[in-house]
Amino acid sequence: MVFDLDLIKKVYGELPGKVAAARQLLGRPMTLAEKILYAHTYSPAKSAYERGKDYVDFAPDRVAMQDATAQMALLQFMTCGRAKAAVPSSVHCDHLIQAKVGAEADLATAIDVNKEVYDFLASVSNKYGIGFWKPGAGIIHQVVLENYAFPGGMMIGTDSHTPNAGGLGMIAIGVGGADAVDVMAGLPWELKMPKLIGVKLTGKMNGWTAAKDVILKVAGILTVKGGTGAIVEYFGEGADSLSATGKGTICNMGAEIGATCSLFAYDDKMSAYLRGTERAEVAELADGVREHLRPDAEVYATPEKYYDQLIEINLSELEPHINGPFTPDLAWPLSKFAEAVRTNNWPAKLDVGLIGSCTNSSYEDMTRAASIANQAASKNLKAKSEFTITPGSELVRFTAERDGILNTFADIGGVVLANACGPCIGQWARHGAEKGEKNSIITSFNRNFAKRADGNPNTHAFVASPEIVTAFAIAGSLTFNPITDTLTNEAGAQVKLDEPAGIELPVKGFEVEDAGYQAPATDGSSVAVAVSPTSDRLQLLEPFSAWEGTELRGLKLLIKAKGKCTTDHISMAGPWLKYRGHLDNISNNMLIGAVNAFNNETDKIKNQLTGEYGPVPATQRAYKAAGLGSVVVGDENYGEGSSREHAAMEPRHLGVRAILVKSFARIHETNLKKQGMLALTFANKEDYDRIQEDDVIDIEGLTEFAPGAPLTVVLTHKDGSREQFPVNHTYNEQQIQWFKAGGALNVIRAEFAKN
């Protein structure tokens, strides 16, 4: 089944003309990213946009939502006044399934425990013309790649790893739910024109090296914020040699460098994947406009003229990498990793190896890992570590089972989990994690922040390719190098693992009995969406209040966060996922993972009203009850990680008025703006050090709030002394209106009320 074929025909029919018009505007050859961006402006561009400066209104082709974020996105959409989503949209139930025992039992438990939420998502999707993928259908990004992604298209998704679709040449950007509401409501979607980072790939991978190693290498080069505000465009003969799902892996994990998205040019590998997933019509259409789905020849010839930054990687020389612990940009070549483990005193014993997740759960990934597992079985080896396998979709799982791949994993002690996110997002009932013991795990996931997988701050999590993870799980040690080292098998003999071998697309083709898709009603006007008023998991939304029209004075300092403060620190996942549809309940996790700069503890801050120390949410609720607003102060790249808008909605709901930091991650800054919050940065980063624990804060200049005009923060310290300093913002005129109205949704609601 080909979804949205008429839409794809329209995009390709208009693409040559739109690219020609854009090339004339720019007066030069174009990169692929530029072709797609200019072809998707909401209104035809009248002049060239300046990268990194100009805000642009775009018209994405589609929207995708996963079940955890879809709840809040659709609760917001229900209030905007539309009868149906304006663009093709889909919901994917993948985040709420907890990994505990194994696929069958875990899925049955999830369907029972989450019935209320699944029923809500199914009914609201049915009502508003949204495609619904049932629990067990697969992980959103793998399912999108198999069914919806197409070269040259543009989509947004309420998950930070939406860029996975770049593996099929699509600009796919992770956003918060309020952004999704804009697009589903038929309104323009705003984004600052991204800068462009070019990554030229030469040579060809061999041996133990995998596509995952490309992005692990790039993460080490650019760090977790090096891609902020930029699209990373991969090109060169090395890029064309990678499979479509390998490209998807690289684009997926581009989120870990802060990139807006990542992108590959259309090539024969993409065409083969489209045909392999029964979308030959799309491949034929793409073939017809192939020149417009690749950078212009001049870009290939002199890339330094067309990208803001250029990186070159020779795949023939690229070594397997392992990144971590605690951050996805700490990159170690395999040859140096064992020594790093010893030098840093990381636990060398490997407790668990986990493969799968949205990053690495394709058929090719499964076969490459299975080739290692098959060797182990034939050489009389068993996995010394616990070993889990997560297929990316029911299509992949069913086909892998048919081809005997899953049995291969079972032969060495592997346990197959449900087709869901599971441990990757903290949905892992890991036995013994509550003890807080120091240990190591290695995954083929994308993120490895402290406590993310199992809630244990002492779990050292490392990230690698599925085949390296499998080899390490067999060895049971992080100091093992499969390229050079031997293992002792159960007969006491020394054996060596051969390099992995994979199959890009199944020889017999993909097969599935029930992919898990539920089409919406043609007319959903009579469909009822029931939300119980007594539910502790779902809560209808009340509009946030508008700005008072005055300066903000007498705000309390809530917390001065120290160091890394990701969206996991601001709004944890794991057990809190069950409250993603209930804003008040989930607000009880607000900033409980952030480190208080004044005592180096988490979830322990000073209540200025009582002088006592207590949890962050309870303290903020006390301020709200007293009619007092507050300010959160943060460090660099505040809000990196997931797209979850709950990290912006929770402070807004509890009465925080402003977030003041050294720098923001892109999605989180946008989410704050959408919810009517003030997102501010220190004009001088050293002013972060001026903030004291008992400070009362005024924010001045709001009555003349204007693009490019700094505001002023005035601190009143406990001893009565005062000092002030300028703070910056990136609000444009429209975003200032969001602030004044109390949030973007209030603006949308008012616009629809006029019609």
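**Reading sheets, crossovers and cavities**

β26, helix α23 (residues 666-674) and β27 form a right-handed β-α-β unit. The model is predicted.

Trainee: How do strands of a sheet pair?

Mentor: Strands of a sheet pair through backbone hydrogen bonds, either parallel or antiparallel. Here, β26 and strand β27 (residues 678-682) are paired in the parallel sense, over four bridges. Find Val661; Thr681 in β27 stands opposite.

Trainee: Which strand pairs with β26 over five bridges?

Mentor: Strand β25 (residues 630-634), again in the parallel sense. Look at Ser630: the residue opposite is Val656 in β26. Next, follow the chain from β25. The path runs through helix α22 (residues 646-654) to β26, and this β-α-β crossover is right-handed.

Trainee: Is strand β26 largely enclosed or largely open?

Mentor: Burial is read residue by residue. Buried means under 20% relative accessible area. In strand β26 (residues 656-661), five of the six residues are buried, so the strand is largely enclosed by the rest of the structure.

Trainee: Now the open sheet. What is the order of its six strands?

Mentor: The order is β6-β5-β2-β3-β4-β21, and the pairing is mixed. The edges are β6 (171-174) and β21 (517-518). Each has a single partner strand, so one side of each lacks a neighbour in the sheet.

Trainee: How many bridges join strand β2 to strand β5?

Mentor: Three bridges. Strand β2 covers residues 62-66, strand β5 covers residues 154-157, and the two run parallel.

Trainee: Which strands does helix α3 touch?

Mentor: To place a helix on a sheet, ask what it touches and how it is angled. Helix α3 (residues 67-77) packs on the sheet and touches β2 and β3 (89-92). The direction of α3 makes about 115° with that of β2.

Trainee: And where does helix α7 lie?

Mentor: Helix α7 (residues 177-184) lies across β2, β3 and β5. Helix α7 runs at about 145° to β2.

Trainee: Last topic: cavities. How many cavities of 30 Å³ or more are there?

Mentor: A cavity is a space where a 1.4 Å probe fits but cannot get out. The count is ten cavities of 30 Å³ or more.

Trainee: Which residues lie nearest the centre of the largest cavity?

Mentor: Ala255, Gly258, Gly641, Ala665 and Ile667. They belong to a lining of 20 residues.

Conventions:
Residues numbered from 1 in each chain as written. Predicted model: local features only at pLDDT ≥ 70, side-chain atom pairs only at ≥ 80, totals over all residues. Heavy atoms only, no water. Pairing = 2+ DSSP bridges. Contact = heavy atoms within 4.5 Å. Axes fitted to C-alpha atoms, helices over the stretch in contact; angles between N-to-C directions. Buried < 20%, exposed > 50% of the residue type's maximum accessible area, 1.4 Å probe, protein only. Right-handed = clockwise from strand over helix to strand, strands pointing away. 1 Å grid on protein atoms, 1.4 Å probe; cavity = no way out; pocket = protein on both sides within 12 Å on 5 of 7 lines; lining within 4 Å. Points joined across faces, edges and corners; volume = space filled by probe spheres on them.
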